[in-house]
Amino acid sequence: MDSPREVFLRLVNGVCDGPYDELAELYAEQTHVSHPFHPLSPPPLLSRAELHEHFTGAPRSPAP
């Protein structure tokens, strides 16, 4: 089992360098991840599946 520090470092390094398809596994199955400074105020991500889509899905274009 990884220490909290090791999990955090895997997350930070993964966000910067990948592999993105493994990042969601660092979170609990049910979670609550919000991005309070995002200009479009997206809804929070509430599951590992939503996080996986967030990390691996196609980038979204901003609304016109």
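Arg 48 is partly exposed, at 22% relative accessible area. This residue pairs with both Glu 25 and Glu 29. The model is predicted. The protein has 64 residues, arranged along the sequence as α-β-β-α.

- Glu 29 and Arg 48 form a salt bridge through their side chains, with an N to O distance of 3.2 Å.
- Glu 29 sits in the loop between H1 and E1, while Arg 48 belongs to helix H2, so this pair ties together parts that are 19 residues apart in sequence.
- Shared partners join Glu 25, Glu 29 and Arg 48 into one network of salt bridges.
- Glu 25 reaches Arg 48 in a salt bridge at 3.8 Å, N to O.
- Glu 25 is also in the loop between H1 and strand E1 (30-33), and Arg 48 is in helix H2 (residues 48-56), so the two tie together parts that are 23 residues apart in sequence.
- Side chains of opposite charge can pair when their charged atoms come close.

**The remaining pair**

- The count of salt bridges in the model comes to 3.
- One of them links Asp 2 to Arg 10, whose closest N and O atoms are 2.4 Å apart.
- Asp 2 is partly exposed, with a relative accessible area of 35%.
- Arg 10 is partly exposed too, at 43%.

**Helix H1 and its surface**

- H1 covers residues 4-17, and Leu 9 is found in it.
- The 14 residues of H1 should span 20 Å at 1.5 Å a residue, and the end C-alpha atoms are 20 Å apart, which agrees.
- Gly 18 follows H1 and has a positive phi, near 85°.
- Phe 8, Leu 9 and Val 12 make up a nonpolar patch on the surface.
- Together these three residues have about 240 Å² of accessible area.
- Leu 9 has 31% relative accessibility, so it counts as partly exposed; the cut-off for buried is under 20%.

**The nonpolar core**

- The largest nonpolar core has 8 residues.
- Its members are Leu 23, Ala 24, Leu 26, Tyr 27, Val 33, Leu 45, Leu 51 and Phe 55.
- Leaving out residues up to four places away in sequence, Ala 24 touches Arg 48, Leu 51, His 52 and Phe 55.
- Two of these contacts of Ala 24, Leu 51 and Phe 55, are also listed in the core.
- In soluble globular proteins, nonpolar side chains tend to be buried together.

**The whole chain**

- The protein has 2 helices and 2 strands.
- Its C-alpha atoms fill a box of roughly 45 × 25 × 20 Å along the principal axes.
- Of the 64 residues, 17% count as buried.
- The protein exposes about 5,200 Å², and carbon and sulfur atoms supply 59% of that area.
- Take the contacts between residues at least 6 apart in sequence: 25% of them join residues at least 24 apart.

Terms used:
Residues numbered from 1 in each chain as written. Predicted model: local features only at pLDDT ≥ 70, side-chain atom pairs only at ≥ 80, totals over all residues. Heavy atoms only, no water. Patch = residues over 30% accessible without salt bridge, like charges linked within 9 Å, V, L, I, M, F, W, Y side chains within 5 Å. Areas by Shrake-Rupley, 256 points an atom, 1.4 Å probe, with all protein chains shown as cover. Salt bridge = Lys/Arg side-chain N within 4 Å of Asp/Glu carboxyl O. Helix = DSSP H or I, 4+ residues; strand = E, 2+ residues; numbered from the N terminus. Buried < 20%, exposed > 50% of the residue type's maximum accessible area, 1.4 Å probe, protein only. Core = buried A, V, L, I, M, F, W, Y, C linked by side-chain atoms within 4.5 Å. Contact = heavy atoms within 4.5 Å. Expected span 1.5 Å × (residues − 1).
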